[in-house]
Amino acid sequence: MISKDLNVAVVEYDIAWGDKQANMKLVADAIARLPHGIDLVVLPEMFSTGFMTESRERAASLAERNTQETIGTLQRLAQSGNVAIAGSFLAHTASQLYNRAFFIEPNGDETFYDKRHLFRMGGEREIYNGGVTTAPVVRFRGWNIKIVVCYDLRFPAWCRNNFGKGDPYDMMLVVANWPKARLHPWQVLLAARAIENESYVCGVNRCGIDPHGVDYGTGSSGLYDFKGKLCDSPQPVAIERGTIMTYTLDRAALDRFREKFPAWKDADTFTLSL
C-alpha cells in the first residue's frame, strides 16, 4: 500500500518562562485553530517551561513524570484533535532529570527519548542526565519519523538514516531552543541532515527573548526536503506569541528521489557506541 502525504503543523512561539499553564493554554488554542487534515503537530524543545538551566533545584521543581499533567493533557489534545503531537519537556525519573522528547499519537500510543547530547556551553550537562538509548523511529500513518533534540543535530552519526537495517526514516524532527546568534549553523545543519539522509527534516525552534537575554529570533523553524531545500508554508497562522506554519510532505516525490538517486546504497555501515 502506498502511504499518503503527511500534513504537518509547526508551532513556533515565545515560551512563557517556567509557566506550564500559560504554555499549555497556548498549545491547546493553537491545536484548536489547525487547518483541517493536519496529521502531526510539532512543538519546540522544553515547550512548557523554556530551556531551564538556572539551577537543578529550579528544574526539579518543574519536572514531571510521563504519567503526570503535561503528558496527560497532550494525550487528551491528541485524541480530541486526531493528531500526533511531538516536542520535548522537562521530565524526571526518580532523582534524575531529563530533557525528554515525546511523540504522542491520537490512539494513546506514546514514545519517549531522553536527549543524548547535552549542551555543555549552556550548562545543560550540569543540570540534566543524558539519555542512554538511540533516538527512536516512530511509525505513524505510513511514515517513519525520527525525533532528536536541539544539540543532537550537530552529530551526523546520531542522526544517520540506517537504510541497511529495517525501514529508514522518512522525516526527522529536530525540536530546539536554538539562539539567533547561531542561526546560520542551524539552517545549514538542517539542510545537511536532509541531504545526507535523503529525508525530510523538520526543525522547530522557539522564538522571542528569554529572561537571561538569549534572543532566539523569529521565523527560524521550517521543513527541508530531501534535497535540502527549505519548503514554503502556504498558510501561516498568527497565534499568541507566535505562528503556526503548515507543510505537506509529498510521499511519492520522496520515493521517486530515493529510487532515482540511491546514494543510500553506497552508505558506510557502522555501530553507535552508547
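## Contacts along the chain

Two residues are in contact when they have heavy atoms within 4.5 Å. In the protein chain, 72% of the contacts with a separation of 6 or more are between residues 24 or more positions apart.

This is a predicted model, where local features need pLDDT of at least 70 and side-chain atom pairs count only at pLDDT 80 or more, while totals for chains, interfaces and linings use all residues. Residues are numbered from 1 along each chain as its sequence is written, and side-chain values use heavy atoms, with hydrogens and water left out.

## Overall build

Let's step back to the whole chain. Its secondary structure comes to seven helices and 12 strands (DSSP runs, numbered from the N terminus: helices are H or I with at least four residues, strands E with at least two). The radius of gyration of the protein chain is 17 Å, close to the 19 Å of the globule rule for 274 residues, so the chain is as compact as a globular protein of that length. Here the radius is taken over C-alpha atoms, and the rule is 2.2 Å times the number of residues to the power 0.38. Along its principal axes, the C-alpha trace spans about 50 × 45 × 35 Å.

Of the 274 residues, 55% count as buried (under 20% relative accessible area; exposed is over 50%, partly exposed in between, with a 1.4 Å probe and protein chains only).

## A look at I239

Now zoom in on one residue. I239 sits in strand β11, residues 237–239, and counts as buried at 13% relative accessibility. Beyond its neighbours within four places in sequence, I239 is in contact with V11, L26, A30, R33 and I244.
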